[in-house]
Amino acid sequence: GVSHRIHPSILNADLARLDDEIRRIPSADGVHLDVMDNHFVPNLTIGLPVIESIRAAHPDRFLDIHLMITDADRFAPAYAELGCESVTFHIEASDAPIRTARTLRGLGSKAAVGLRPQTPIEPLADFITEFDMVLIMTVDPGFGGQSFLADMLPKIRRTREIVARTGQDIWIQVDGGVAESTLDQCIDAGANVFVAGSAVFRAEDPDAMVRGLAAQAGA
Ligand code: DX5
Ligand code: ZN
């Protein structure tokens, strides 16, 4: 069967205490780090130097880098060179997604592709095996705390069908508005990697929320 993973996003954590915040979620399967450049999205977060420090402070965590930046082909490989386990770049920001995916894999990282809500999955079907994960955005990227777009469920389903045809274990990640109230729909549609930002870091006990989501997913 498909294995489920919970990857909290630190976007809604206390960024002045990032190291402590990451230590508050020991049960998480991965730490989802949102890199924004104020061009691909109207928000600016952290970049390579901060990720490098997180890598050094947390050598045993699975770092899931979500690049919301333009010129992905140029900037994505540096995150793999730091030793991040997974690097997601957006298809809308890439002129050479196959080459970039192969570069990421060559550097030892999982290669992942992200899709904005309005971007269809079908054009990627013929080269989906170049990727280890597909990130389906379930909000417009840029900010935490937005409402889950249930209109994305058919796209998650189609992605699961495309992945199933390959016979390969390509992960399907959902990001945006994922919480206890929306998790079941995502699972039912075929997602298996769940990013939750505000649901986890606005909870009184973030790690209890991570464990709760994992139990709900049947992990
Ligand atoms: C939004 C980011 C998300 C964000 C999710 O553009 O990619 O990872 O942190 O936050 P929630 O879970 O609050 O929607
Ligand atoms: Zn994200």
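Me: Which axes come within 8 Å, and at roughly what angle do they cross?

Reply: In this predicted model, the axes of helix α5 (residues 153-166) and helix α6 (residues 180-189) come within 8 Å of each other and cross at roughly 35°. Axes here are lines fitted to C-alpha atoms, for helices over the stretch in contact, and the angles run from 0 to 180 degrees between N-to-C directions. Helices (H or I, at least four residues) and strands (E, at least two) are DSSP runs, numbered from the N terminus. Residues are numbered from 1 along each chain as its sequence is written, while chains are lettered from A and ligands numbered from 1 in the order in which they are written. Because the model is predicted, local features need pLDDT of at least 70 and side-chain atom pairs count only at pLDDT 80 or more, whereas totals for chains, interfaces and linings use all residues.

Me: Which residues of α5 and α6 meet?

Reply: L153, I156, R157 and R160 in α5 meet Q185, C186 and A189 in α6, where contact requires C-beta atoms, placed from the backbone, to lie within 7 Å. By class, this contact has four nonpolar, one polar and two charged residues, with Ala, Val, Leu, Ile, Met, Phe, Trp, Tyr, Cys and Pro counted as nonpolar, Asp, Glu, Lys and Arg as charged, and the others, Gly among them, as polar.

Me: Why is D34 called buried?

Reply: A residue is buried if 20 or more other C-beta atoms lie within 10 Å of its own, exposed if 12 or fewer, and partly exposed in between, with C-beta atoms placed from the backbone. D34 has 25 such atoms within 10 Å, and is therefore buried. This residue is found in strand β2 (residues 31-36), and beyond its neighbours up to four places away in sequence D34 touches S9, L11, T45, H66 and M68.

Me: What makes D175 buried?

Reply: D175 also has 25 other C-beta atoms within 10 Å, so it counts as buried. D175 lies in strand β7 (residues 171-175), and its contacts, again without residues up to four places away, are H66, L135, M137, T138 and V195.

Me: Where does UniProt place the feature "active site"?

Reply: The unreviewed UniProt entry places this feature at D34 and D175. Although these positions are spread over 142 residues of sequence, they cluster in space, with a largest C-alpha distance of 10.7 Å. UniProt positions follow the numbering used here, feature names are shortened, and annotations may be inferred rather than shown by experiment.

Me: Why is D95 called exposed, and why is G142 called partly exposed?

Reply: D95, in the loop between β4 (86-90) and α4 (97-106), has 10 C-beta neighbours inside 10 Å and so counts as exposed. G142, in the loop between β6 and α5, has 18 other C-beta atoms within 10 Å and is therefore partly exposed. The unreviewed UniProt entry includes G142 among the positions of its feature "binding site".

Me: How many residues are around ligand 1, and which come nearest?

Reply: There are 22 residues around ligand 1, of which S9, L11, G144, G197 and S198 come nearest; a residue is near a molecule or strand if its C-beta atom, placed from the backbone, lies within 6 Å of it. This shell divides into eight nonpolar, 12 polar and two charged residues, and β2, β8 (193-196) and α7 (198-201) each supply at least two of its residues.

Methods: Contact = placed C-beta atoms within 7 Å.
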